[in-house]
Amino acid sequence: MTLDDQSQNAEQYNKEALVKKTFAFDFAGVISTYKGSFVSEETCAEDEPNQEVVNAIRLLHKKGHKIIVHSTLQSSIIAEFCKKHDIPITYINENPEFSQGNPGKPVATVYIDDRAFNYSGQTTEELVEALEKFKPYYK
């Protein structure tokens with residue numbers, strides 16, 4: 001793919017993003033309730049769904065938005081969990097609609113993750129202080 005092709009893909013993706021968005025949800029701790037510590041993939045698959053998040057995913061999907069589940073877990077475990085709990089998803093750990101150089105992070109409009117920090121223009125000192133104080137969300 002040429003640089004022009006990639007630029008056209010990015011332009012098309014940005015135009016579509018104004019109307020329909022792509023939301024990338026983390027699995028453990030966001031879609032599933034997650035007990036706060038990773039024991040094994042099997043234990044994550046046995047967790048209950050986070051109903052508030054699942055309801056939001058269902059509503060976003062119904063409105064025509066794309067839903068990506070991104071996780072370090074195997075895609076087959078995520079697919080099985082989502083099927084079992086009737087969670088509509090578009091892709092798992094990828095966004096094949098937008099080619100990229102690194103397949104490790106799917107392209108999305110918004111990333112939802114219990115271990116994410118929102119960078120919003122902090123100074124170096126503010127950023128370091130906030131990162132050192134950061135605590136993942138556990139419930």
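Trainee: Which side chains meet in a salt bridge at 2.8 Å, N to O?

Mentor: A salt bridge is a side-chain nitrogen of Lys or Arg within 4 Å of a carboxyl oxygen of Asp or Glu. Here, the side chains of E129 and K133 form one at 2.8 Å, N to O. Both residues lie in helix α5, four residues apart, about one turn of the helix. Bear in mind that this is a predicted model, where local features need pLDDT of at least 70, side-chain atom pairs count only at pLDDT 80 or more, and totals for chains, interfaces and linings use all residues. Residues are numbered from 1 along each chain as its sequence is written, and side-chain values use heavy atoms, with hydrogens and water left out.

Trainee: How many salt bridges does a search of the whole structure find?

Mentor: Two. In the other case, E97 pairs with K66, and the closest N and O atoms are 2.4 Å apart. This pair links distant parts of the chain, with E97 in the loop between β3 and β4 and K66 in strand β2, 31 residues apart.

Trainee: How are helices and strands assigned, and how many are in the protein chain?

Mentor: They are DSSP runs numbered from the N terminus: helices are H or I with at least four residues, strands are E with at least two. The protein chain has five helices and four strands. From the N terminus on, the order is α-β-α-α-β-α-β-β-α.

Trainee: Is K133 exposed or buried?

Mentor: Buried means under 20% relative accessible area, exposed over 50%, and partly exposed in between (1.4 Å probe, protein chains only). K133 is exposed, because its relative accessible area is 58%. E129 is partly exposed at 43%. Across the protein chain, buried residues make up 33% of the 139 residues.

Trainee: Which residues touch the most other members of the largest nonpolar core?

Mentor: A nonpolar core is a set of buried Ala, Val, Leu, Ile, Met, Phe, Trp, Tyr and Cys residues joined through side-chain atoms within 4.5 Å. The largest one here has 19 residues, and F25, F27, I31, I57, I78 and I87 touch the most other members. At least two residues each come from β1 (22–26), α3 (51–62), β2 (66–70) and α4 (75–84). Helix α3 gives the most, with four residues.

Trainee: What does I87 touch?

Mentor: Contact means heavy atoms within 4.5 Å. Not counting residues up to four places away in sequence, I87 touches I31, V54, I57, F81 and C82.

Trainee: How many aromatic pairs does a search of the whole structure find?

Mentor: Rings of Phe, Tyr and Trp (its six-membered ring) pair if their centres lie within 6.5 Å; planes under 30 degrees apart count as stacked, over 60 as edge-to-face and the rest as tilted. The search finds two pairs. F27 and F81 are edge-to-face, 4.8 Å centre to centre with 90° between the planes. They are 54 residues apart, F27 in the loop between β1 and α2 (41–46) and F81 in helix α4. Both F27 and F81 are buried. F117 and F134 are also edge-to-face, at 6.4 Å centre to centre and 90° between the planes. F117 lies in the loop between β4 and α5 and F134 in the segment after α5, so this pair ties together parts 17 residues apart in sequence.

Trainee: Is F117 buried or partly exposed?

Mentor: F117 is partly exposed, with a relative accessible area of 31%. F134 is partly exposed as well, at 30%.
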